[in-house]
Amino acid sequence: MAGSGTTARRGRLRTLLLASCAALTVAAGCTPLQVERADGHFGTTSPSARKSPVKASQKPKPTPTPTPQRTPTLASKGFPPDARTARAQLAELQVAWGKNWETYKRAEFGETWSDAVDVPGGRNGCDTRDDVLRRDLSDLKEGDRNPCVVVSGTLTDPYTGSKLPYYYRRASRIQTDHVVALGAAWRAGAWAWTPQRRLDYANDLDVLLATDKAVNEVKSSQTPDKWKPPRQAYWCEYARRWTGIKAKYKLTVTAPEKLALQDLLATCK
């Protein structure tokens, strides 16, 4: 009974205080803070101080911090072309003898590998050679801190079929080959390109293959009428890649080169 009487007296006192504040707002400057203090003194809560509980569904969801993703594009869509497409592309290529071979310089295609290109492998934060290794090697092991770096792997050389091991920072028989070599591209029209287009070409993963160093050095900048992969099982794909590159970059072919490509494409099943 005593508890209920105390509660009633507190309620009457609070009502009197609120009425006084309402009547003397201008004269006394009664503020909501004073009302809240009165509520605290009397163990009550004013309507203005009451807060409705926020439902879980109404709470703002934290914005997740985006995690940088590297989703490299390691080949153009539809590359290399199938045999039928390659034959059609070959028929459309301009036949002409090479030009300006005497003015060719490797530096015309950039001094080093570059990621500042808008071709497959470009602008993904990885070195071009590492992109080639990541694409062409099996049993691949990438770096823990930098997944761009290839720690180890095995290459099945497309030109010979031999198995070549790779270990980071160790001497390797693996070399990065421009299928249509830079010198061959220069003679077939790259001499007239802008420096940026030549840089794009030199770093385009469609143009590049990981191969046996010794075989690649023998290949040099020779066209298919002068050099073919020792492994005949690869002749079809080699011709498809070569023709696809020439079509993509609108490079010319010589008459003997075209005949050789036709013969190589004839091996496709």
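This is a short talk on the salt bridges in this structure, plus a look at one serine.

Okay, so keep in mind that this is a predicted model. The salt-bridge count comes to 11, and I'll walk you through a few of those.

Start with Arg-173 and Asp-212, whose side chains pair up at 2.8 Å, N to O. They're 39 residues apart: Arg-173 is in the loop between strands E3 and E4, while Asp-212 is in strand E5. Arg-173 is exposed, at 52% relative accessible area, but Asp-212 is buried, at 4%.

Next up, Asp-206 and Lys-248, with a salt bridge at 2.7 Å, N to O. That one also links distant parts of the chain, from the loop between helix H7 and E5 over to helix H9, 42 residues apart. Asp-206 is buried at 1%, and Lys-248 is partly exposed at 30%.

Then there's Glu-257 with Lys-246, at 2.9 Å, N to O. Glu-257 sits in helix H10 and Lys-246 in helix H9, so this pair ties together parts 11 residues apart in sequence. Are these two buried or exposed? Glu-257 is buried, at 2%, and Lys-246 is buried too, at 1%. There's also a network, where shared partners join Asp-131, Arg-134 and Glu-142.

Now the serine. Ser-152 is in strand E2, residues 150-156. Its relative accessibility is 16%, and the cut-off for buried is under 20%, so Ser-152 counts as buried. What does Ser-152 contact, leaving aside neighbours within four places in sequence? Asp-139, Leu-140, Lys-141, Tyr-166 and Tyr-167. With Lys-141, 11 residues away along the chain, the C-alpha separation is 5.3 Å.

Terms used
Residues are numbered from 1 along each chain as its sequence is written. This is a predicted model: local features need pLDDT of at least 70, side-chain atom pairs count only at pLDDT 80 or more; totals for chains, interfaces and linings use all residues. Side-chain values use heavy atoms; hydrogens and water are left out. Helices (H or I, at least four residues) and strands (E, at least two) are DSSP runs, numbered from the N terminus. Buried means under 20% relative accessible area, exposed over 50%, partly exposed in between (1.4 Å probe, protein chains only). Contact means heavy atoms within 4.5 Å. A salt bridge is a side-chain nitrogen of Lys or Arg within 4 Å of a carboxyl oxygen of Asp or Glu.
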